[in-house]
Amino acid sequence: MKRLIYIILTASGLFLCLNLTAQEKTYNAGHLNPTPPTINGLFNDEAWQKVSWQDDFTQREPYEGKKPSQKTVFKILYDNDFLYLAIRAYDSHPDSIVERLSRRDNRQGDNIGVHIDSYNDNRTAFVFNVSAAGVKSDWITSDDGDNQDDNWDPIWYVETKTDSLGWTAEIKIPFTQLRFSKKGSQNWGLQIRRNIYRYDEEVHWKLIPKDAGGWVSRFGELTGMDHIEPQKEKSITPYTVTEMETFKEVPENPFKTSGRSSKLNAGLNGKIGITNNLTLDMAINPDFGQVEADPSQVNLTAYETYFEEKRPFFIEGSSIMNFRVMPVGNFMNDNLFYSRRIGRTPHHYPDTENEEYVKRPDNTTILGAFKLTGKSKNGWSIGILESMTEREQAKISDGNNSYHEPVEPLANYFLGRVQKDFNEGNTILGGMLTATNRKIDSKQLEFLHDQAYTGGINFKHQWQDKKYTLTARGIFSHLRGDEEAILRTQTASARYYQRPDADYVTLDSSRRSLTGHGGSLMFAKFGKGNFQYGAFLNWKSPGLELNDMGYQRDADQLSEIAFVTYRSLEPFSIFRSFRASVNQWQIWDYGGNSMVTGGNINVNVDFKNYWEFGFGVNGGASSLSKTALRGGPYLRTPANLNYWWSVNSDHRKDFRISAGNNQEWSKYGHAHDNVFWANISYRPMNTLDISLNPSVSFSQNKLQYISTEEFREQNRYIMGSIERTTVSMSLRMSLSLTPELSIQYWGQPFIATGDYNNLKRIKNSTAADYKNRFHTFEEDQVHYVEGDEFYEIDENRDGEVDYSIGDPNFKAFQFKSNLVARWQYRPGSTIYLVWSQNRDKYISDGAFRMQQDFNRLSRIFPHNIFLVKMTYRLGL
C-alpha cells in the first residue's frame, strides 16, 4: 500500500511539473497616454515607469531548461499607433558583448528578437530582431515555423546602447507593419528570444523545447491592448536609374562600334493595405540592377540549371506562393511556381546570315507585377500574383540593312493560392492555380505554349502535439499550343516520348494539347523524442509539365523514400548535439522499369568547442538513365559509391574556416568525381568581413553524350570519354560603416574545361556486360580536321565519311563581380551605387593549364555596367 501511494504521489508530482512547464506565459501591455517615450535606448522617459519589468527567461541552447548565464528583462507599452518595447540584456562582462556591424538581415553578434503573432493564428509571426550594434533583422515566420521570409523589410525604429550593466534595445513598431483584426481587446502571441553570442547561448521568455512540434503555436501571450484600430499601410516608392555600359569595340558589329551605351529608367513600387489583413504590393517597370549575378556554371546534363530567386519583389511574401510537389527535404525541386520564369531570358534567338549581327535583350521586360497577400476575415491565407511581360524583339543588322524579329511574346502570368488551418492549426487544407497565357503572333514563336495551366491541392494533418504528420498533395497540368509546341514538349528531356524503348507512351506530332498529373504522400514522425522517421511516395505522369511558370526536371516517375534519424539535442561527452540518419530511395518509370535504387548514411555533430563535423556515404545500384542518350533508349549505368565530409570551425571567432570533400566512384571505372571546397572568413574589425571560397573539381566519365547522328537510317548515339576540371574562387567583402550605410563586393573567377577522347558509339545500351554497351572507334575510323575543328567518322571503313561531329572539347572562362554601395538615407528610401563586371570567353580547347588560363582570363576585355539607383518612399 505504501508503495502504491508513493507511486501515485510521484506520478502526480511529475504531472504537476510537466503541467507547470507547459503553462502559458502572459504579459499585460501598458497603455501609453499622453506622451510617448523618445527612442534612444536609455529608458529615461516617465512613460516607462508605468509598467514593471518582466524577467523569468529560460535557457534553450545549449542546456534546455537551465537558468540563463545572463539576466534579461523587458517592458511593453502601446498607444493608438505604435507598440513600444524596452529590453535590457544584462551582462556581467559588458566588455565581452559582441557588437558587429553588418548589412540588414545579416545577424552577427549578440542580438535580441521580438516575435509577434498579431494574427493570433498560431502559425504566423512578425519578427523584429536587433543586434547589440543596432543592426536590424526582420522576417515573417509562417506555417508554424516551417517557413521563413527574410526579405520582409518593414518600417520600424530601434536604438541600442551598451553600458556598465550590459546592453539595451528600445523599439518602436508601427501598427501599420502588423496585421490584425478589428476587435475590442487584442490577444497576440509573443516570444522574446536572446542570443548571447560568445557562449552561443539562446534564451527564451516562453521556452519552446528543441524537439517540440511547431513554433508559433507555442508562444506566450500578449494581452491588455484594448480598442486599438488596425491601420492599413499605404506607401509608394518611385525610383530612377541612370545606367552606363562599356564593352569592347567591334567595328564590324553595328551594335558595338562605340564601345559604350547609356540609358535612363524609372518605375514605381507600392504597398497598399486593402483590408486590415490583406496587402497589395505592386511594381511598375521594376528594376533589379542592384541584384547580385548568378554564379558561373557549365551544364553538360539534359536538365535546366536551377538558380535561386534574388529579386526582392518576388522573394518577399513568397512562402504563401510556394507549392512544392514534395513538401519537405531536398530530393527534388519541383514546384508549381518558379518566379525566375517572369522576366526570363527571351526564348528565341534568331538565325542569321553571314556578316549579320544580333542585338537581343538580356531579359524580358516586366511591364508590371501585382501581389496580394494576407488573410481573409474567416482565416484563409491568400496569395495572388499577376504579372505582364513585354513582347520583345531582337534587332538584326549587317551594318547597312536592319530588321526586327520577335524573340519573346507578350505574356501574362497569374497565380492564386489559398490555405486554411483547422483543428487549432493541426489540420491544413489549401490549393493553388497558375495560368500562363502568351500572345503568339509570329512563326518564330510557335514552339511556345500559348496557354499553360497548373494547379494543386495540399492537405496536412498533425496529431499527438504535432509529433506525427500526414501530408498529401495532388497536382495537374494542362497545355495548349501549336503542334510544334506540343511536339517539343513531348520530346523534351523531362519525358522523351520518342525513346525507342518507351512502349507505354505514344509520340503524337498532331497533338495540340497535353495533360498530366502528379502528387505525393508522406507519413512522418518529426516531434518529440530522439528518433524521427518517415516514408514518402511521389508520382509524376509522363504528360506532367510545370515549366511555363514552375520548375520541373523529370516526369514519368514513381518514387519512394524512407528515412530514420537519431538525434541527441542535449550536450553530452564532447558533443553539443549529434544527428545520424539512414535514407533509402527507389525510382520507377510508368512502364514499371526500375530506374534508380540507392541509399545513404549521414552523421552530423556539433562539438562543445563550437566546431562542427559531418560525413556521409551514399551507394547506388546499377541504374537506367533516361537522359544519357538525349532521346535514345535507356543507358544502363554501373553501380556507384560516394562519400562526403565537411568541417566548420568555431563560427563565433573572427577567423573561421570551413572545408569539405565529395568523391564518387562508379564500377568498371565508368566515372569518377572529386570535389574540394573551402570557405575562409576573417573579420579584422567589427565593421569589415572578408571571405574567400575556393573550389576545385575533377571528373571523368567514359560515356559522356556528344551528339546523335544518322547512319543507314539508324540513329548513332556518339559518346566520348571526358576529363573535366573546374576551378573557381569567390571573394566576398562587406564593409558596414553604419547600420544604414554599407558596401559589398562579390567577385568570382571561373574556369571549366572538358577534354574528350576515345570517341564511341552505343551498341546495346542496356547490355548486362558493360563493355558490350558501346564500341570505341579505332584510329582508322576517326579523322580530325584541324582548321575546321570537327571529326570525320568512317564507321564502316570504306574510305568514305559516314558522318561528322564538331569538336566537343571546351574551355569556358568567366569572371563576374558586383560592387554595391547602399545608403538608406531615410526609412524605406535607399540610394545604390553599383558596378558590375563580366568577362567571358569560350574556346575549343580541353586542356587545363592553371597559370596560363588565369592569365588569359585577366586579359579578356570586360563588360562593365555602372548605375546609380535612387528610391524614395512616400507614405500616403
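In which strand is Gly 270 found? Gly 270 is found in strand E16, where strands (E, at least two residues) and helices (H or I, at least four) are DSSP runs numbered from the N terminus. The structure is a predicted model, so local features need pLDDT of at least 70 and side-chain atom pairs count only at pLDDT 80 or more, while totals for chains, interfaces and linings use all residues. Residues are numbered from 1 along each chain as its sequence is written, and side-chain values use heavy atoms, with hydrogens and water left out.

With a relative accessibility of 7%, Gly 270 counts as buried; buried means under 20% relative accessible area, exposed over 50%, and partly exposed in between (1.4 Å probe, protein chains only). Residues up to four places away in sequence not counted, Gly 270 touches Ser 235, Ile 236, Leu 280, Asp 281 and Met 282, a contact being heavy atoms within 4.5 Å. The C-alpha atoms of Gly 270 and Ser 736 are separated by 28 Å, and these two residues are 466 residues apart along the chain.

Asp 281, one of the residues touched by Gly 270, also takes part in a salt bridge with Lys 271, with the closest N and O atoms 2.5 Å apart. A salt bridge here is a side-chain nitrogen of Lys or Arg within 4 Å of a carboxyl oxygen of Asp or Glu. This pair links distant parts of the chain, Lys 271 being in strand E16 and Asp 281 in strand E17 (residues 278–284), 10 residues apart. Both partners are buried: Lys 271 has a relative accessible area of 18%, and Asp 281 has a relative accessibility of 10%.

Salt bridges turn up elsewhere too, and the structure holds 42 of them. Side chains of opposite charge can pair when their charged atoms come close. Lys 210 counts as buried at 13% relative accessibility, whereas Glu 61 counts as partly exposed at 24%.

In a further salt bridge, Asp 689 pairs with Arg 656, and the closest N and O atoms are 3.3 Å apart. Asp 689 lies in strand E38 (residues 688–711) and Arg 656 in strand E36 (residues 655–666), so this bridge ties together parts that are 33 residues apart in sequence. Asp 689 is buried at 14% relative accessibility, and Arg 656 is buried at 14% as well. Shared partners also join salt bridges into one network that takes in Asp 121, Arg 123, Asp 143, Lys 375 and Asp 421.

Most residues other than glycine have a negative phi, and most peptide bonds are trans. The peptide bond from Glu 61 to Pro 62 is cis, with omega near 0°. Pro 62 lies in the loop between strand E3 (58–61) and strand E4 (72–78). Asp 144 has a positive phi, near 55°, and its place is in the loop between strand E8 (136–142) and strand E9 (147–149). This residue, Asp 144, is buried, with a relative accessible area of 6%. Asp 465 likewise has a positive phi, near 60°, in the loop between strand E25 (451–463) and strand E26 (468–480). At 45% relative accessibility, Asp 465 counts as partly exposed.

Leaving out neighbours within four places in sequence, Thr 436 is in contact with Asn 412, Tyr 413, Asp 450, Gln 451, Ala 452, Asp 548 and Met 549.

Lys 248 gives a contrasting setting: this residue counts as exposed at 52% relative accessibility. Lys 248 is found in the loop between strand E15 (234–246) and strand E16 (260–273).
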